[in-house]
Amino acid sequence: MTDDAFNVGQSEWYHPTDEIIQNAHIPDYEALYQEAMQDVEAFWGQRAEVLDWFQKWDKVLDTSEAPFYKWFVGAKTNIAHNAIDRHTKTWRRNKLALIWEGEPGDKRTFSYHALWREVNKFANVLKSMGVRKGDRVTIYMGRIPELLMAMVACAKIGAVHSVVYGGFSEQALADRIADAQSRVIVTCDGSWLRGNIVNLKQVVDEAVHRSPVVESVIVVKRTGQDIHMEPGRDYWFHDLMNLPIASPYCETEVMDAEDPLFILYTSGTTGKPKGVLHTHGGYQLYTSTTLEWVFDLKDDDRWWCAADPGWITGHSYIVYGPLILGATSFMYEGAPTHPYPDRWWKMVEEYALTVLYTAPTAIRGLMRFGDAWPSRRDLSSLRLLGSVGEPINPEAWRWYHKVIGKERCPIMDTWWQTETGGFIITPMPSVSLKPGSATRPFPGLEVDVVDEEGNSCAPGVDGYLVIKKPWPSMLRTVYGDPDRYVDQYWSKYAKQGWYFAGDSARKDEDGYIWVIGRVDDVIKVSGYRLGTAEVESGLVSHPAVAEAAVIGVPDEVKGSVIYAYCILVTGFEGNDALVDTLKAHVRHEVGPIAIPAKIEFVDKLPKTRSGKIMRRVLKARAMGLPEGDLSTLES
Ligand code: WT7
């Protein structure tokens, strides 16, 4: 967020129409917020009644081992039961759960009944591969229906899924497999992107080579290209699904509300990615409640969350949230501009999609192609829009509102994180909007902007974003590293017991929150979260690089791009050919999303006397700004 956005946006109101308010699940946000705050536990306990539980809880929230909070203590449940099993007992068995379109234009649809059968079959396949309750399964796939099935199948048998986004490559995947100790990997032969095939299986082969723990690889045939299949290790998904073992009946494992559901790796300050752990009980409640109230989902909606299931947005709002609500979701495999820049708008028209939820970077990218592409399509089915991943600049907000939403569709700008599991600061359709602000906290959540000491900042003053009360879908720990959990999120405001989000923000006179961005070494490239450390270790794993420092620099479309500064090993020459080699190396090791926009060779990096790289100095230099206080710089 820029100062300009704040100054202009603060008084730029967009009020919902009476019709929107009357049709909303929550017509009066303020009243509900006040009600929830009177007794947050009672609020969540009451709402949890809309879900099925095999056994009810003894206590909604247990704070005795804070910050290791426990929700719905003593309850027995399984998110897969609420997501699919229960719908097959109602009229929704015939409702479409998923409409899918591949990039080449192929289409598939699944009713809740059909999806339930596929999930059961695959759950039995996983069992036959020796996967048991508590075992981890790594999933590395393109955006195809089998990805969603594999996730829910894991949940059904009590296995813990770890989905790795297909835009990561070899070393990133190998690290995540090793950390989770997954013996089984589910992948596909490839996936379509911009008319090309992404060779996912090849990345798996190389990553598995580096992670000896893997015993079996299950491969979905998507592209049909020739790939290597390792005898005794690799199996075709379709072969397994045709075996008698793949029966369409599979008992749903009875889980404790606090049993792990998934690990999702995300970047933080320095070091290796953190395995954020979420559990069955609180997560199912929070994702379904937030989706229902914020996007006002009803049975006749066609919901499109255009994210990738490999990120938290997809976990919560492509897979679990919509399925629990019994909603119809749309999913698309490929690039928004393939083969033409109207691909998205064409699909909105063709499938009569009613809600679109995407990231500012996608909006800005599509905006560049002008108004003619969306204007030639019938977008009248849309009634709500959403944004997530980074602050949305008011220009992009206004374009989205006018050209896509025809000034009819409110925009839900949702602030949240992998760690929070669901929306935290977000409007609802009945809330008045200001472009660039995620508005107010979700009912039951207490959020503030505070200074170093924890005092609330006055309106207009920058501070740190904190969450002052636990919420049901909060991360439970960092997988295998509870100290890191405490240290990263709970140590900064340990005295107060607040969750530190790692973002800076500002409130305005109306109590609206304006998120500015990360205060740690996390860079948001096209909304994707990357750690400077991951990109740096990718660079230094090349023999030519002795030391590397990377920073995020503002970019009009991507939000930020990566600039890298490398000190070379003696004997290597820093020329254009080496720049290309290093970019290819980062693509291969970390993934295409981590490729630096610029690589510069330097003799020295600005460091503190204790040897810490001063990224702020590099950033100021890159942006041509004053370098600020250099007194702590190593001489
Ligand atoms: C970081 C979390 C939550 C799903 C996708 C991102 C930034 C996220 C917004 C927003 C301003 C936002 C924050 C946050 N962020 N949404 N609406 N406005 N900033 O999840 O990859 O864990 O990243 O994304 O900086 O800390 P994530």
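Let me begin with a term: a residue is called buried when its relative accessible area is under 20%, and exposed when that value is over 50%. Please also keep in mind that this is a predicted model.

With that cut-off in hand, consider strand β14, residues 260-266. Of its seven residues, six are buried, so the strand is largely enclosed by the rest of the structure.

Which strands, then, pair with β14? One is β7, residues 160-163, which joins β14 in the parallel sense over two bridges. Here S162 is the residue that stands opposite I263 of β14. Another is β15, residues 274-279, which runs antiparallel to β14 and is joined to it by six bridges. Along that pairing, P260 stands opposite T279 of β15, and I263 stands opposite L277 of β15.

Let us now widen the view to the whole sheet. Eight strands make up an open sheet with mixed pairing, and their order is β12-β11-β8-β6-β7-β14-β15-β23. At the edges stand β12 (234-236) and β23 (477-478); each has a single partner strand, so one side of each is left without a neighbour in the sheet.

I turn next to the ligand. Which residues come nearest to the ligand? There are 17 residues around it, and those that come nearest are D413, T414, T418, R518 and R529.

A backbone N or O atom of T414 lies 2.7 Å from a nitrogen atom of the ligand. For G389, a backbone N or O atom is likewise placed 3.1 Å from a ligand nitrogen atom. K524 contributes through its side chain, with a polar atom 2.9 Å from an oxygen atom of the ligand.

How much of the ligand does the protein bury? Taken alone, the ligand exposes 550 Å², and the protein buries 96% of that.

Thank you for your attention.

Note on methods. Residues are numbered from 1 along each chain as its sequence is written. This is a predicted model: local features need pLDDT of at least 70, side-chain atom pairs count only at pLDDT 80 or more; totals for chains, interfaces and linings use all residues. Side-chain values use heavy atoms; hydrogens and water are left out. A residue is near a molecule or strand if one of its heavy atoms lies within 4 Å of it. A polar contact is a pair of N or O atoms within 3.5 Å; within protein, one must be able to donate a hydrogen and the other to accept it, and residues adjacent in sequence count only if both atoms are side-chain atoms. Accessible areas come from the Shrake-Rupley method with a 1.4 Å probe; for residues, only the protein chains shown count as cover. Buried means under 20% relative accessible area, exposed over 50%, partly exposed in between (1.4 Å probe, protein chains only). Helices (H or I, at least four residues) and strands (E, at least two) are DSSP runs, numbered from the N terminus. Two strands pair if DSSP finds at least two bridges between them.
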